[in-house]
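Hi,

Here is the structure I promised to pass on. Have a look at it first, and my notes follow below.

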Amino acid sequence: MALTFPFAAIVGQDEMTLAIQVVAVDPSIGGVLVLGDRGTGKSTAVRALADLLPPISVVKGCPYRCDPSKPASACPVCQARDTKAKVMTERQPVAVVDLPLGATEDRVVGALDLEKALSQGVKSFAPGLLAQAHRGFLYIDEVNLLDDHLVDLLIDVAASGENLVEREGLSVRHPARFVLVGSGNPEEGELRPQLLDRFGLSVQVRTPQDLALRVSIIKRRDAFDKDPTAFKALWHKDNQKLQKRILKARDLLDQVEVSDDMLMLCARLCQQLGTDGLRAELTLLRATRAFAALQGHKAVKAEHLQSMAPLALRHRLRRNPLDDTDSGARVQRSLQEVLAA
């Protein structure tokens, strides 16, 4: 298994690393979309996400990694088990599953297990990438180039939390709750609005212009390429600190208070920006709460809103042909007006 670049060693893309940490604290925020220049560490940061995630408890032998504490949402395999038998559990790392651009629909949703069908004459279901990503993260590099039929499929599954497969005489329904993480270069194509709306946070990455920072990035990447094991070991303690910080924030999350005044600010901001529906407000609420927990605060404050608003709202804005301002700047401008009112 190839070693990933340590998350703690990433420099120069603070907004991107912050968004990933916030989603690691509260996956219900709905994932992260990372857009920007080629060669800026987008996929490196996402693949390093595994460093931040503590292992989870799963039903031993379950191909869908079901949660033993939630039998009501069990997969067909777990539902078929003897209810009187003791459920065996084990700890497994959280899955960060890659969805390649060229993946077939069978590979994504699952299909008939041909090996078993041919060798044993048994009609059995072979789970796909959506099953592997259950309770984890599904990563799509160059998400803006994804085929339309796969986009439709992902939208349906992301909305329902279930994957229904009916083909080749099979009818299988299994849980598929995952956090969608995508990266891409907007110059190579735009995302469909329906998929864009499924991402909780959106960040923009640009090529660093500070020469010292560029040199630092190059040196770290070169050291990792020469000896990945030694480089990982060098950053192990820093990664452990980040993971402990996220675990602490998760424990604190339910205690973080969001006042009615803060909710009113969120609603007024979204109303002024003209966002569709109420998903923007819900995402903003969850993101500011998770960010407050990450900083060890027990109440959401205006500064948390200022940090999270561009990430939660910039990809939900309607285009204004008379305003070519960066979408993040438009959010900040509107926020200042709302705070001053």
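Which residue stands opposite V205 in β11? G36 does. At another point along β11, V32 stands opposite L201. Strand β1 (residues 32–36) and β11 run parallel and are joined by five bridges. For the bookkeeping, helices (H or I, at least four residues) and strands (E, at least two) are DSSP runs, numbered from the N terminus, and two strands pair if DSSP finds at least two bridges between them.

Before you go further: this is a predicted model, where local features need pLDDT of at least 70, side-chain atom pairs count only at pLDDT 80 or more, and totals for chains, interfaces and linings use all residues. Residues are numbered from 1 along each chain as its sequence is written, and side-chain values use heavy atoms, with hydrogens and water left out.

**The sheet**

Five strands make up an open sheet with parallel pairing, in the order β4-β7-β10-β1-β11. β4 (96–98) and β11 (201–205) are at the edges with a single partner strand each, so one side of each has no neighbour in the sheet. On average, neighbouring strands are turned by 20° against each other, direction ignored (axes are lines fitted to C-alpha atoms, and angles run from 0 to 180 degrees between N-to-C directions).

**Helix α15**

β11 turns up again here: along with α12 (260–273) and α14 (302–313), it is among what covers the buried residues of α15 (contact means heavy atoms within 4.5 Å). Those buried residues are S327, G328, R330, V331, S334, L335 and V338. They sit on the same side of α15 because they cover an arc of only 155° around the axis, taken from the directions from the helix axis to the C-beta atoms.

α15 (residues 327–340) has 14 residues and spans 20 Å from its first C-alpha to its last, close to the 20 Å expected (1.5 Å times one less than its number of residues).

**Two arginines to look at**

Most residues other than glycine have a negative phi. R65, not a glycine, has a positive phi of about 55°; it is in the loop between β2 (56–59) and α3 (76–79) and is buried, at 11% relative accessible area. R135 also has a positive phi, of about 65°. R135 lies in the loop between α6 (129–132) and β7 (137–141) and counts as partly exposed at 23% relative accessibility.

Cheers

Note on methods. Buried means under 20% relative accessible area, exposed over 50%, partly exposed in between (1.4 Å probe, protein chains only).
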